[in-house]
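Have the model open while you read.

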Amino acid sequence: MIGRWSLTDALFAAAPAHGERTRALAEVMLERYGVVTRETVRAEGIAGGFSALYAELSKLETLGAARRGYFVESLGGAQFALSAAVERLRGLRTDENDRKALVIAATDPANPYGASLPWPKRDYTGRGPARVPGAYLITIGGKPVLFAEKNGRNLVPLGDHDADQLHEALEALAEHVRKGRIRQLAVERFDGEPVVGSPMEPVLIELGFRQGPRKLTLSA
């Protein structure tokens, strides 16, 4: 074959041993998620799954770099967390600021839904929520309320929430655009149905969306 070729042995001569790589991966997972469970490891697609990291996570616990406990309800009992993450979880019990709406990228490690926790179950008219680039999740008090597909093409309400909570989530999403954190939203559908002519159209227009023939847009 035509091209320039060279031996690669020298490139990998100083590669760390398997145990060192696994330890580093366990530390990265703790730093990324705060709490590491079987589900988070599975979501990352790590070869060997949770069992491949378990020994190194246990060693980090022995060294005092991690804690083992039952931090996330309904998940497996084998969970490891950073001390700072445990203290933060305790603080959430009384932190009233965390009752506010939060807009977060669907793929952000801080979003547990679709990884550690399942998405809320319901019959979705169109495509349901997923951890895909460009999508956003809006939570209130840590509970998922609204999912926005890339560019806001489809807005999907999650779970059972009243109109006030849904309006608060939409308002937070619109504010995210006004602050320049999202360049533009072009909403064509709400829960899988055309948004133009729907009961949600006047709500979005009130929040600053501009009316178009087939979609409602809001730009930074």
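1. Which residue in β3 is the bridge partner of R68? F80 is. Before going further: this is a predicted model, with local features needing pLDDT of at least 70 and side-chain atom pairs counting only at pLDDT 80 or more, while totals for chains, interfaces and linings use all residues. Residues are numbered from 1 along each chain as its sequence is written, and side-chain values use heavy atoms, leaving out hydrogens and water.

2. That bridge belongs to an open, antiparallel sheet of three strands, ordered β1-β3-β2. At its edges sit β1 (35-36) and β2 (67-69), each pairing on one side only. β2 and β3 (residues 79-81) pair over three bridges. Strands here are DSSP runs (E, at least two residues), helices likewise (H or I, at least four), numbered from the N terminus; two strands pair if DSSP finds at least two bridges between them.

3. The other open sheet has six strands, β4-β5-β6-β7-β9-β10, with mixed pairing. β4 (101-105) and β10 (193-194) each have a single partner strand, so one side of each lacks a neighbour in the sheet. Inside it, β7 (residues 154-157) and β9 (residues 189-190) run parallel over two bridges, with N154 partnered by R189.

4. Helix α5 (residues 163-178) includes E168, which counts as partly exposed because its relative accessibility is 31% (buried is under 20%, exposed over 50%, partly exposed in between; 1.4 Å probe, protein chains only).
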